[in-house]
Amino acid sequence: MNKQQLATKIWESANKMRSKIEASEYKDYILGFIFYKFLSEREENFLKRDGYEEEDLNTVTEDDQDVVDYLQTRIGYFISYDNLFSTWLKMGSDFDVSNVTDALSAFSRLISDNYKRVFDGIFQTLESGISKLGSSSKEQSKAVRDLIYLINNIPMDGQQDYDVLGFIYEYLISNFAANAGKKAGEFYTPHEVSLLMSEIIAEHLKDRKEIKIYDPCSGSGSLLINIGKSVSKYMDGQNNIKYYAQELKQNTYNLTRMNLVMRGILPDNIKVRNGDTLEEDWPDFEDSDPVGTYEPLYVDAVTSNPPYSQNWDPSDKENDPRYSDYGLAPKGKADYAFLLHDLYHIKSDGIMTIVLPHGVLFRGGEEGDIRRNLIEKNKIDAIIGLPSNIFFGTGIPTIIMVLKQKRDNTDVLIIDASKGFVKEGKNNKLRACDIKRITDTIKSSTTIDKFSRVVSRDEIRSNDYNLNIPRYVDSSEKSESWDIYASMFGGIPNSEINELKEIWKVFPSLKNQLFKAMNEQYSSFNTNNLKETVNNNLEVKEFINKYNQSLSGFDTTLKEMLIDNANNLNIAQTSTIISDELFNRLNPLALIDPYEAYQDFDNQWIEISTDLEMIQTEGFDCTKMVDPKMVIKKKNNKEDEVQDGLLGHIIPFDLVQETYLKEDKQSLLSKKNRVSEIESSIEEILESLTEDEKQSDYYDEEKNKFDDKLVKSALKNSDLESETKNKLKTYQVLVNEKKILNKEIKKENESLEINSKETIENLSDDEVNNMLVKKWIDPLMDLLQKIPMNIINELIKTLESLSKKYEVTFEDIENDINQTEKELISMIDDLVGNEYDMLGLQELKSLLGGNTNE
């Protein structure tokens, strides 16, 4: 299974296993064990590369001081054979929770002095929390055993950046965050927000050979890791990136360190600290400076998602160099204290991004003073308004602020990105196209209607340094208005037709074909078939043709890049190259939104990149592999994972069947369709049963089904009514046909599965490449080629709505009412009743406008 499938499986199992333990706590246990597995396998792999055979590993004990010293020097820690993760697995039922507590205690004791900052106390949360996994040693042992068996399938060799471990770790953290409520903010920034901040920073740093990045509220470390990944697209590896992280909470600080180490970052490049960022300024040159001295460290980039509006103590901090030039944040809201701390630690050519509550843009008092100073000292580069409900556990509006120490201009780019998202459960989520649209806008620093605006410092001054986004960018949708004249007399207001001016620029003749003038201000439709008129317009056809020409050869380019060079390409860089190519092709075209095309590409890229990772890690022949299809089945109140058929490791069975086994698949599908028809026919017979028939013993009313044996007996009854007999005979014929078909379906299904397996395993390399084109490229090209027709169909929909809007005038409605009243009065005249009935009817006629004197 690929990394997404494996991550999903582990999460689902872990979520069940945690039972009543809070998600925010349980994450520390499973992630701690994942990290211990990583360290164990890292030591084993190191020893094997150094000449150890599998059978030699049991000689690695604490008694051998030479091997202890050697491992401490080379990897920073020592784990004896008895305490290896693989040894726990070999113990089977002999495994006990004490094996874990002993191992963790030994690990802490045997860390190299030079690696204390990276590893010291890293398992403290796991050690102290094991007791919560059960009320007895037996329960705890079973819970831990289940956990280590669960995570045993996670590959941790990191070959060729096949970052399965990192992906699963991030996936688990995000899912635990989604279930942790308000506590999620303590350890997790949503991946998409993290990626957005990272891409902004990477664009600024992309030409540098070495960089230092810092997160003073590091949480799980995902922000730093994403910056590293984004920047590394422009650099040779991650060894030239130094990571600085500070975190207040011990258990979250441990997550930071684990995450950084498991991403393959060299321990020498990891500088971490457990401390209070606001009370104890860091980072500094403490590793090299004399004791008692402090010199601040300046980095290339700072990124952070600090706790919102946190209490802090500004007492005696007036002279703190972090705040002295700008002012002190108020006691009840530390937002600007975090911002100024971050700003202080960036180099003169550095950049910082920070997530803050929306209120920092307009709140007065001390915050207003700080905001004024930041503007006057020209530090704020951009402000990005994010969608609401984007963070787990809080729905408050948030922003990302981008600041720099030195800027070439004094304008501020303000972006309202609050409307671009997709809804996932209770939360909103930035899409890939939203992230790219924002980063591209920052890169070009452009004004875009209803999205962004470059605002001068003078305008901000005139607004008393209030940076509230709606003051500068109006992203609200235009409310629908109704024209009084058109509502009374019909026709379409020219003002509403002209709202489609961008369309008429591209299709000027279409406007003339669609409308004819009624007077200077109003027009009417000149066609009875809008859809036909639009689709047959020559300029519309030319628009579609020009779009298709822009994509000409794109599929060939994709094949050359992705398939012909699958083993050697840099996956992250290739994604950027392809997206740039797509934008270059589509940018010149009017009406086309290249970001829509980019989203289609990104959706497909998720699958493509996962397959490429497997090909690069496992070799090209993995494309010809078939895996068992494992499912969870419940039996005797116990869930077991069992095999339920086969599936292609990379090439899907459906694709192979559609290409090479089409007749077999069609035969099977035809039989399945016939079974569906039979089931519908049986349903119709059941619905046609009379009440008397439903009282018969051959019908089970509760289950709404026939008893086949009793139906057979009933048909032998000579007194059975002919109509009922025909129903039961028809039913019996259908049931017998269904039984025969189901046997044939089962047999053909098994045969098709075997043939699919054999076909995949015997594909030539060229045939595999053809399958990859069908899986990766063809679906993307299909999506891209639909884009112009989506625009045309949306235009037709808008025109049809405009047509219906004023189709019925108030005069038409009035005439209908008058006609209905006349018909009703005529009906009243035909009614008879007693004296009082007639008086009532006369009054009703009066209300309807009838003559009551007749």
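This note sets out numbered points on the predicted model shown above.

1. Basis of the values. The structure is a predicted model in which local features need pLDDT of at least 70 and side-chain atom pairs count only at pLDDT 80 or more, while totals for chains, interfaces and linings use all residues. Residues are numbered from 1 along each chain as its sequence is written, and side-chain values use heavy atoms, with hydrogens and water left out.

2. Overall form. The C-alpha trace of the protein chain spans about 115 × 90 × 65 Å along its principal axes. The secondary structure comes to 34 helices and 18 strands; these are DSSP runs, helices being H or I of at least four residues and strands E of at least two, numbered from the N terminus.

3. Burial and surface. Of the 854 residues, 49% count as buried, where buried means under 20% relative accessible area, exposed over 50% and partly exposed in between, with a 1.4 Å probe and protein chains only. The chain exposes about 42,600 Å², of which carbon and sulfur atoms supply 45%; accessible areas come from the Shrake-Rupley method with a 1.4 Å probe, and for residues only the protein chains shown count as cover.

4. Contacts. Among contacts with a separation of 6 or more, 72% are between residues 24 or more positions apart. Contact here means heavy atoms within 4.5 Å.

5. Cavities. A search of the whole structure finds two cavities of 30 Å³ or more. On a 1 Å grid over the protein atoms alone, a cavity is a set of points where a 1.4 Å probe fits but cannot get out, and lining residues have an atom within 4 Å of a point. Grid points are joined across faces, edges and corners, and a volume is the space filled by probe spheres set on the points.

6. Largest cavity. This cavity holds about 40 Å³ of space. Helix 2 (23-49), helix 7 (124-129) and helix 12 (250-262) each supply at least two lining residues, and helix 12 gives the most, with four. The lining includes Asp 28, Thr 125 and Asn 251. By class, the lining divides into four nonpolar, four polar and one charged; Ala, Val, Leu, Ile, Met, Phe, Trp, Tyr, Cys and Pro count as nonpolar, Asp, Glu, Lys and Arg as charged, and the others, Gly among them, as polar.

7. Second largest cavity. The volume is about 30 Å³. Its lining has nine nonpolar residues, no polar and no charged, among them Phe 601, Trp 605 and Trp 776. Helix 23 (554-563), helix 25 (594-618) and helix 31 (765-785) each contribute at least two of the lining residues.

8. Strand 6. In strand 6 (residues 380-385), six of its six residues are buried. Five bridges join strand 6 to strand 7 (residues 398-404) in the antiparallel sense, with Ile 383 opposite Met 401. Four bridges join strand 6 to strand 8 (residues 412-416) in parallel, with Gly 385 opposite Asp 416. Two strands pair if DSSP finds at least two bridges between them.

9. An open sheet has the order 12-14-13, with antiparallel pairing. Its edge strands, strand 12 (492-493) and strand 13 (515-517), each pair on one side only. Strand 13 is joined to strand 14 (residues 522-525) over three bridges, and Ala 517 has Ser 523 as its bridge partner in strand 14.

10. Ile 632. This residue lies in strand 15 (residues 626-635). Ile 632 counts as exposed because its relative accessibility is 51%. Ile 632 and Gln 643 are 11 residues apart in sequence and 8.7 Å apart in space, C-alpha to C-alpha.

How values were computed. 1 Å grid on protein atoms, 1.4 Å probe; cavity = no way out; pocket = protein on both sides within 12 Å on 5 of 7 lines; lining within 4 Å.
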